Amino acid sequence: MKLISSVVIILFVIACTVGCDDHIYIQGERLYEYHCQNCHMSDGSGLEQVIPSIKESTYFHEKIDSLPCLIRHGRPEYMTSDSILLNMPVNYNLTEYEITNIINYLRVVWYEDEPININKTRVLLQDCPIPAMRYGQ
Ligand code: HEC
């Protein structure tokens, strides 16, 4: 019995060394899966004509300073070509740490860019244009 559980533990450790997350942005990844993936999909491709792809989004590069506010306050009034009005939802329950972790997961793991600092997120979030408008445009 002891032998079996040891083998199970060893196999788990080996499996995790090889197959588990190969980056440190674990919380950001989990939060993305929970709060973003339903719409933007696991690879960020979105849903054609309904949800924009975030794969090539400038919000992770040139418009990075607008991203914390976009995540927290969402963005209304996205009109599809079929005149369907869509919203990027608000995320008032996410802390500034969690928002930073989501951004860094996407920015570093997906886009191989530098991580942003929590202090930057904090400052940017103090100055969000409210009511929600079309951020960064
Ligand atoms: C209910 C569906 C939904 C969820 C959940 C969602 N989004 Fe969005 N997202 C949208 C829609 C719709 C837009 C387009 C809004 C607009 O342009 O006004 C959008 C826009 C964006 C954009 C801007 C893309 C661009 O280049 O214009 C980014 C970046 C983004 N979302 C990231 C996220 C992140 C990160 C999360 C998780 C915290 C998230 N979204 C959760 C629907 C969603």
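How many helices and strands does the secondary structure of the chain contain? The chain comes to 6 helices and 2 strands, where helices are DSSP runs of H or I with at least four residues and strands are runs of E with at least two, numbered from the N terminus. This is a predicted model, in which local features need pLDDT of at least 70, side-chain atom pairs count only at pLDDT 80 or more, and totals for chains, interfaces and linings use all residues. Residues are numbered from 1 along each chain as its sequence is written.

**Overall layout**
- From the N terminus on, the order of elements is α-α-α-α-β-β-α-α.
- Of the 137 residues in the chain, 20% are buried (20 or more other C-beta atoms within 10 Å of the residue's own, with C-beta atoms placed from the backbone).

**Helices H2 and H5**
- The axes of H2 (residues 26–35) and H5 (residues 96–110) come within 7 Å and cross at roughly 95°; axes are lines fitted to C-alpha atoms over the stretch in contact, and angles run from 0 to 180 degrees between N-to-C directions.
- H2 and H5 are therefore roughly perpendicular (65 to 115 degrees).
- Residues in this contact include Leu31 and Tyr32 of H2 and Ile102 and Tyr105 of H5; a contact means C-beta atoms, placed from the backbone, within 7 Å.

**Nonpolar core**
- The largest nonpolar core has 16 residues (buried Ala, Val, Leu, Ile, Met, Phe, Trp, Tyr and Cys joined through C-beta atoms within 7 Å).
- H2, H4 (67–73) and H5 each supply at least two residues of this core, and H5 gives the most, with 5 residues.
- Tyr32 is among the residues with the most contacts inside the core.
- Not counting residues up to four places away in sequence, Tyr32 touches Gln37, Ile102, Tyr105 and Leu106.

Methods:
Angles under 35 degrees count as roughly parallel, over 145 as roughly antiparallel, 65 to 115 as roughly perpendicular and the rest as oblique. Two residues are in contact if their C-beta atoms, placed from the backbone, lie within 7 Å. A residue is buried if 20 or more other C-beta atoms lie within 10 Å of its own, exposed if 12 or fewer, and partly exposed in between; C-beta atoms are placed from the backbone.
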